[in-house]
Amino acid sequence: MQQTVQILLATYNGERFLHEQLDSLFNQTFQDFSVLVRDDQSTDNTLHILQEYQLKYADKIKIITDEKKNVGATQNFNLLLANTNADYIFFCDQDDIWLPHKMEKSLAVIS
């Protein structure tokens with residue numbers, strides 16, 4: 001049985017980092033993953049950028065929405081955790097830039 005891998009990305013007003021960060025995710029040497037994102041009521045272009053990437057990578061990225069207001073980073077990640085059932089989860093901050101082999105090397109160690 002194939003193991004599922006998901007990246008949980010919590011965002012809030014991250015437009016200045018998001019393009020480079022998302023590109024680093026989608027340029028991983030390991031490609032069998034999906035990204036689950038929840039934006040915490042950003043007031044900049046974060047959600048628009050996420051929607052652009054969702055169009056480009058429709059099979060890889062899902063944005064969850066809810067009626068909750070700005071809940072903060074910890075609760076944002078908790079809400080993401082409540083919406084995943086992946087076998088392997090990677091937590092990702094919006095200002096991270098991942099090296100190309102991050103997922104491949106990490107999975108080799110833990111699986």
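The crossing of helices H1 and H2 is right-handed; a crossing has this hand if the near helix is turned clockwise from the far one by less than a right angle, and is left-handed if anticlockwise. Helices here (H or I, at least four residues) and strands (E, at least two) are DSSP runs, numbered from the N terminus. The model is predicted: local features need pLDDT of at least 70 and side-chain atom pairs pLDDT 80 or more, while totals for chains, interfaces and linings use all residues. Residues are numbered from 1 along each chain as its sequence is written, and side-chain values use heavy atoms, with hydrogens and water left out.

Two packed helices are described by the angle between their axes and the distance between the axes. The axes of H1 and H2 cross at roughly 25° and come within 9 Å. Because angles under 35 degrees count as roughly parallel, H1 is roughly parallel to H2. Axes are lines fitted to C-alpha atoms, for helices over the stretch in contact, with angles from 0 to 180 degrees between N-to-C directions. Contact means heavy atoms within 4.5 Å. Among the H1 residues that meet H2 are Leu-18, Leu-22 and Phe-26, and Ile-49 and Tyr-53 are among those they meet.

H1 covers residues 15-26, and Gln-21 is part of this helix. The end C-alpha atoms of H1 are 17 Å apart, which agrees with the 16 Å that its twelve residues should span at 1.5 Å a residue; the expected span is 1.5 Å times one less than the number of residues. The buried residues of H1 pack against partners including strand E1 (5-11) and strand E4 (88-93).

Two residues are set out below; buried means under 20% relative accessible area (1.4 Å probe, protein chains only). The contacts leave aside residues up to four places away in sequence.

| Residue | Relative accessible area | Contacts include |
|---|---|---|
| Gln-21 | 0% | Leu-9, Cys-92, Asp-95 |
| Leu-8 | 0% | Leu-36, Phe-77, Cys-92 |

Leu-8 lies in strand E1. Its C-alpha atom is separated by 6.4 Å from that of Leu-80, 72 residues apart along the chain.

A nonpolar core is a set of buried Ala, Val, Leu, Ile, Met, Phe, Trp, Tyr and Cys residues joined through side-chain atoms within 4.5 Å. The largest one has 21 residues, of which Ile-7, Leu-22 and Val-35 touch the most other members. H1 gives the largest share of this core, four residues. A second, separate core of six residues includes Leu-8, Leu-36, Phe-77 and Leu-80.

Terms used. Buried means under 20% relative accessible area, exposed over 50%, partly exposed in between (1.4 Å probe, protein chains only). Angles under 35 degrees count as roughly parallel, over 145 as roughly antiparallel, 65 to 115 as roughly perpendicular and the rest as oblique.
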